[in-house]
Amino acid sequence: MISANHVTKRYGKLVANSDISLQVMPGELCVLLGPNGAGKSTLIKSICGLLRFDGRIEIGGHENHTTDAKRLLGYVPEMPALYPMLTVWEHLAFIARAYNLGDDWTARAEGMLDRFELMDKRDSLGKQLSKGMQQKLSLTIALLPQPKALILDEPLIGLDPHAIRALKDLLNELKAQQCALMMSTHMIESVEDNWDATHIMMGGRLARTVRRDELSTDESLEDVFFQITEGDVNHA
(Lines give C-alpha, C1' and ligand atoms only; values in the text may rest on other atoms or scores of the structure.)
Protein backbone atom coordinates (compact mmCIF):
# COMPACT_ATOMS: atom_id res chain seq x y z
CA MET A 1 0.00 0.00 0.00
CA ILE A 2 2.90 2.35 0.85
CA SER A 3 5.96 1.92 -1.33
CA ALA A 4 9.16 3.99 -1.21
CA ASN A 5 11.86 3.21 -3.76
CA HIS A 6 15.39 4.68 -3.61
CA VAL A 7 14.22 7.84 -1.85
CA THR A 8 16.90 10.47 -1.29
CA LYS A 9 16.30 13.90 0.21
CA ARG A 10 18.99 16.59 0.27
CA TYR A 11 19.08 20.00 1.91
CA GLY A 12 21.98 21.53 0.04
CA LYS A 13 24.99 19.36 0.92
CA LEU A 14 23.16 17.68 3.80
CA VAL A 15 21.70 14.28 2.90
CA ALA A 16 18.72 13.78 5.22
CA ASN A 17 17.56 10.54 3.56
CA SER A 18 19.88 8.37 1.51
CA ASP A 19 18.56 5.76 -0.95
CA ILE A 20 15.75 4.47 1.27
CA SER A 21 13.46 1.71 0.05
CA LEU A 22 10.65 0.15 2.09
CA GLN A 23 7.09 -1.11 1.83
CA VAL A 24 4.11 -1.19 4.17
CA MET A 25 1.50 -3.79 3.30
CA PRO A 26 -2.25 -3.70 4.10
CA GLY A 27 -2.91 -4.81 7.68
CA GLU A 28 0.69 -4.17 8.70
CA LEU A 29 2.12 -1.81 11.35
CA CYS A 30 5.52 -0.57 10.27
CA VAL A 31 7.57 1.31 12.89
CA LEU A 32 10.32 3.85 12.24
CA LEU A 33 12.89 3.97 15.04
CA GLY A 34 16.03 6.03 15.35
CA PRO A 35 17.70 8.76 17.38
CA ASN A 36 16.95 12.44 16.84
CA GLY A 37 18.20 13.56 13.45
CA ALA A 38 18.09 10.07 11.95
CA GLY A 39 15.77 11.24 9.15
CA LYS A 40 12.47 9.72 10.27
CA SER A 41 10.34 12.86 10.00
CA THR A 42 11.95 13.80 6.69
CA LEU A 43 11.02 10.41 5.25
CA ILE A 44 7.47 10.71 6.56
CA LYS A 45 7.04 14.18 5.08
CA SER A 46 8.38 12.95 1.76
CA ILE A 47 5.93 10.04 1.74
CA CYS A 48 3.08 12.44 2.52
CA GLY A 49 4.03 14.66 -0.40
CA LEU A 50 5.19 17.60 1.71
CA LEU A 51 8.80 17.58 0.48
CA ARG A 52 10.51 17.22 -2.89
CA PHE A 53 12.80 14.21 -3.16
CA ASP A 54 14.63 11.96 -5.58
CA GLY A 55 13.22 8.50 -6.12
CA ARG A 56 9.62 7.28 -6.26
CA ILE A 57 6.89 6.92 -3.65
CA GLU A 58 3.49 5.34 -4.28
CA ILE A 59 0.34 5.05 -2.20
CA GLY A 60 -1.92 2.26 -3.35
CA GLY A 61 -0.13 2.18 -6.69
CA HIS A 62 -0.54 5.94 -7.26
CA GLU A 63 2.34 8.41 -7.31
CA ASN A 64 2.22 10.11 -3.91
CA HIS A 65 1.63 13.66 -5.16
CA THR A 66 -1.55 12.71 -7.03
CA THR A 67 -5.09 13.29 -5.80
CA ASP A 68 -5.78 9.54 -5.95
CA ALA A 69 -2.89 8.88 -3.57
CA LYS A 70 -3.87 11.66 -1.17
CA ARG A 71 -7.41 10.31 -0.91
CA LEU A 72 -6.00 7.01 0.37
CA LEU A 73 -3.63 8.51 2.94
CA GLY A 74 -4.13 9.89 6.43
CA TYR A 75 -1.36 11.81 8.19
CA VAL A 76 -0.90 12.79 11.84
CA PRO A 77 2.06 15.18 12.15
CA GLU A 78 4.28 15.39 15.21
CA MET A 79 3.14 18.97 15.83
CA PRO A 80 -0.61 19.46 15.29
CA ALA A 81 -1.40 22.04 12.60
CA LEU A 82 -4.89 23.29 13.35
CA TYR A 83 -6.83 26.38 12.34
CA PRO A 84 -6.84 28.57 15.47
CA MET A 85 -10.23 30.18 14.75
CA LEU A 86 -12.15 27.04 13.75
CA THR A 87 -13.94 24.98 16.36
CA VAL A 88 -13.32 21.27 16.78
CA TRP A 89 -16.52 20.46 14.88
CA GLU A 90 -15.75 23.00 12.14
CA HIS A 91 -12.39 21.27 11.55
CA LEU A 92 -14.24 18.02 10.93
CA ALA A 93 -16.87 19.65 8.73
CA PHE A 94 -14.09 21.22 6.65
CA ILE A 95 -12.44 17.82 6.11
CA ALA A 96 -15.79 16.26 5.26
CA ARG A 97 -16.32 18.84 2.52
CA ALA A 98 -12.73 18.63 1.27
CA TYR A 99 -13.00 14.85 0.87
CA ASN A 100 -16.63 14.97 -0.33
CA LEU A 101 -17.73 12.56 2.39
CA GLY A 102 -21.44 13.15 1.83
CA ASP A 103 -23.89 13.12 4.74
CA ASP A 104 -22.84 9.99 6.63
CA TRP A 105 -19.73 11.39 8.32
CA THR A 106 -21.32 13.00 11.38
CA ALA A 107 -22.02 9.81 13.33
CA ARG A 108 -18.47 8.60 12.66
CA ALA A 109 -17.06 11.97 13.76
CA GLU A 110 -19.10 11.98 16.95
CA GLY A 111 -17.96 8.43 17.72
CA MET A 112 -14.31 9.41 17.40
CA LEU A 113 -14.76 12.56 19.47
CA ASP A 114 -16.35 10.45 22.17
CA ARG A 115 -13.54 7.88 21.93
CA PHE A 116 -10.89 10.56 22.45
CA GLU A 117 -12.92 12.44 25.10
CA LEU A 118 -13.43 15.53 22.96
CA MET A 119 -17.24 15.70 22.82
CA ASP A 120 -17.35 18.46 25.42
CA LYS A 121 -14.82 20.42 23.31
CA ARG A 122 -16.68 20.30 20.00
CA ASP A 123 -17.43 24.04 20.14
CA SER A 124 -13.95 25.03 21.37
CA LEU A 125 -11.58 26.86 19.05
CA GLY A 126 -8.38 25.23 17.91
CA LYS A 127 -6.30 27.80 19.79
CA GLN A 128 -8.13 26.97 23.03
CA LEU A 129 -7.13 23.30 23.04
CA SER A 130 -4.25 21.87 25.05
CA LYS A 131 -1.41 20.09 23.24
CA GLY A 132 -2.93 16.72 24.06
CA MET A 133 -6.37 17.76 22.83
CA GLN A 134 -4.86 19.13 19.64
CA GLN A 135 -3.15 15.79 19.08
CA LYS A 136 -6.41 13.93 19.60
CA LEU A 137 -8.19 16.24 17.15
CA SER A 138 -5.39 15.64 14.61
CA LEU A 139 -6.00 11.90 14.94
CA THR A 140 -9.73 12.37 14.44
CA ILE A 141 -9.17 14.56 11.37
CA ALA A 142 -6.83 12.00 9.79
CA LEU A 143 -9.24 9.13 10.39
CA LEU A 144 -12.48 10.81 9.34
CA PRO A 145 -12.05 10.04 5.57
CA GLN A 146 -11.36 6.37 6.46
CA PRO A 147 -7.92 6.20 4.82
CA LYS A 148 -6.44 2.96 3.51
CA ALA A 149 -3.00 4.02 4.77
CA LEU A 150 -2.21 6.03 7.90
CA ILE A 151 1.09 7.66 8.86
CA LEU A 152 1.68 8.85 12.42
CA ASP A 153 4.72 10.90 13.42
CA GLU A 154 5.32 10.58 17.19
CA PRO A 155 1.55 10.33 17.87
CA LEU A 156 1.86 9.50 21.58
CA ILE A 157 3.56 12.75 22.60
CA GLY A 158 1.21 14.80 24.77
CA LEU A 159 -1.44 12.10 25.12
CA ASP A 160 -2.73 11.06 28.53
CA PRO A 161 -2.81 7.35 29.48
CA HIS A 162 -6.48 6.98 28.51
CA ALA A 163 -5.84 8.44 25.06
CA ILE A 164 -2.76 6.25 24.58
CA ARG A 165 -4.85 3.16 25.32
CA ALA A 166 -7.59 4.40 22.97
CA LEU A 167 -5.00 4.93 20.22
CA LYS A 168 -3.48 1.47 20.70
CA ASP A 169 -6.93 -0.13 20.50
CA LEU A 170 -7.68 1.91 17.39
CA LEU A 171 -4.45 0.82 15.69
CA ASN A 172 -5.35 -2.82 16.30
CA GLU A 173 -8.78 -2.23 14.78
CA LEU A 174 -7.27 -0.52 11.74
CA LYS A 175 -4.86 -3.42 11.25
CA ALA A 176 -7.80 -5.83 11.31
CA GLN A 177 -9.47 -3.66 8.66
CA GLN A 178 -6.34 -4.02 6.46
CA CYS A 179 -5.22 -0.42 6.82
CA ALA A 180 -1.48 0.04 6.23
CA LEU A 181 0.09 1.80 9.21
CA MET A 182 3.43 3.59 9.52
CA MET A 183 4.41 5.05 12.88
CA SER A 184 7.46 6.94 14.07
CA THR A 185 8.05 6.81 17.81
CA HIS A 186 10.67 7.07 20.53
CA MET A 187 8.48 5.01 22.88
CA ILE A 188 9.54 1.49 21.92
CA GLU A 189 7.43 -0.11 24.64
CA SER A 190 4.30 1.42 23.11
CA VAL A 191 4.55 -0.77 19.98
CA GLU A 192 6.05 -3.95 21.45
CA ASP A 193 2.72 -5.79 21.28
CA ASN A 194 1.51 -5.11 17.75
CA TRP A 195 4.34 -4.15 15.37
CA ASP A 196 5.00 -6.22 12.25
CA ALA A 197 8.10 -4.62 10.73
CA THR A 198 10.55 -2.08 12.15
CA HIS A 199 12.99 0.07 10.21
CA ILE A 200 15.85 1.39 12.34
CA MET A 201 17.34 4.58 10.91
CA MET A 202 20.79 6.03 11.51
CA GLY A 203 22.27 9.05 9.76
CA GLY A 204 19.54 9.20 7.12
CA ARG A 205 19.91 5.54 6.15
CA LEU A 206 18.08 2.33 6.98
CA ALA A 207 20.53 0.63 9.33
CA ARG A 208 18.40 -2.48 9.69
CA THR A 209 14.93 -3.77 8.87
CA VAL A 210 13.60 -6.42 11.21
CA ARG A 211 10.33 -8.33 11.20
CA ARG A 212 8.71 -9.63 14.35
CA ASP A 213 8.97 -13.28 13.28
CA GLU A 214 12.74 -12.87 12.84
CA LEU A 215 13.37 -12.18 16.54
CA SER A 216 14.35 -15.01 18.84
CA THR A 217 12.17 -15.72 21.87
CA ASP A 218 14.67 -14.07 24.24
CA GLU A 219 15.24 -10.98 22.05
CA SER A 220 13.17 -7.78 22.17
CA LEU A 221 12.78 -4.90 19.75
CA GLU A 222 14.50 -2.71 22.33
CA ASP A 223 17.50 -5.09 22.31
CA VAL A 224 17.81 -4.77 18.54
CA PHE A 225 17.43 -1.00 18.63
CA PHE A 226 20.23 -0.44 21.13
CA GLN A 227 22.43 -3.01 19.42
CA ILE A 228 22.20 -0.99 16.21
CA THR A 229 22.27 2.53 17.63
CA GLU A 230 24.67 2.06 20.57
CA GLY A 231 26.17 -1.39 20.13
CA ASP A 232 24.82 -2.46 23.50
CA VAL A 233 22.27 -5.26 23.63
CA ASN A 234 22.23 -5.05 27.42
CA HIS A 235 21.32 -1.36 27.54
CA ALA A 236 18.85 -0.76 30.35
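Some conventions come first. The model is predicted, so local features need pLDDT of at least 70 and side-chain atom pairs count only at pLDDT 80 or more, while totals for chains, interfaces and linings use all residues. Residues are numbered from 1 along each chain as its sequence is written, and side-chain values use heavy atoms, with hydrogens and water left out.

I begin with the overall picture. The protein has seven helices and 10 strands; helices (H or I, at least four residues) and strands (E, at least two) are DSSP runs, numbered from the N terminus. Along its principal axes, the C-alpha trace spans about 50 × 35 × 30 Å.

Buried residues make up 50% of the 236 residues. Buried means under 20% relative accessible area, exposed over 50%, and partly exposed in between, with a 1.4 Å probe and protein chains only. Of the contacts with a separation of 6 or more, 65% are between residues 24 or more positions apart, where contact means heavy atoms within 4.5 Å.

I turn now to the pockets. Rolling a probe the size of a water molecule over the atoms shows where empty space is left. Here a pocket is an open set of points on a 1 Å grid over the protein atoms alone, where a 1.4 Å probe fits, with protein on both sides within 12 Å along at least five of seven lines; lining residues have an atom within 4 Å of a point. Grid points are joined across faces, edges and corners, and a volume is the space filled by probe spheres set on the points.

The largest pocket holds about 600 Å³ of space. Its lining comprises 20 residues, and Tyr75, Pro77, Ile95, Tyr99 and Ile141 are the closest to its centre. Two or more lining residues come from each of β6 (73-76), α3 (88-98) and α5 (131-143). What is the lining of the largest pocket by class? It has 15 nonpolar, four polar and one charged residues. In this scheme Ala, Val, Leu, Ile, Met, Phe, Trp, Tyr, Cys and Pro are nonpolar, Asp, Glu, Lys and Arg are charged, and the others, Gly among them, are polar.

The second largest pocket has a volume of about 290 Å³. Among its 13 lining residues, Leu143, Gln146, Pro147, Leu174 and Gln177 are the closest to its centre. Helices α4 (105-115) and α6 (161-176) each supply at least two residues of that lining. By class, the lining divides into six nonpolar, three polar and four charged residues.

Just after α3, Asn100 takes a positive phi of about 55°.

That brings me to backbone angles. Most residues other than glycine have a negative phi. Asp19, in strand β2 (residues 14-24), has a positive phi near 50°. Asp19 counts as partly exposed because its relative accessibility is 45%. Glu154, in the loop between β7 (149-153) and α6, also has a positive phi, of about 50°. Is Glu154 buried or exposed? At 3% relative accessibility, Glu154 counts as buried.

Thr42 lies in helix α1 (residues 40-47) and, at 14% relative accessibility, counts as buried. Leaving out residues up to four places away in sequence, Thr42 touches Lys9, Tyr11, Ala16, Asn17 and Leu51.

Thr229 belongs to helix α7 (residues 221-229) and counts as buried at 19% relative accessibility. The side chain of Thr229 reaches the backbone oxygen of Phe225 at 2.8 Å. This is a polar contact, a pair of N or O atoms within 3.5 Å; within protein, one must be able to donate a hydrogen and the other to accept it, and residues adjacent in sequence count only if both atoms are side-chain atoms. Beyond neighbours within four places in sequence, Thr229 is in contact with Pro35, Ile200 and Met202.

Gln178 lies in the loop between α6 and β8 (180-184) and counts as partly exposed at 46% relative accessibility. Gln178 and Lys148 are 30 residues apart in sequence and 7.6 Å apart in space, C-alpha to C-alpha. Apart from residues up to four places away in sequence, Gln178 touches Pro26, Gly27 and Lys148.
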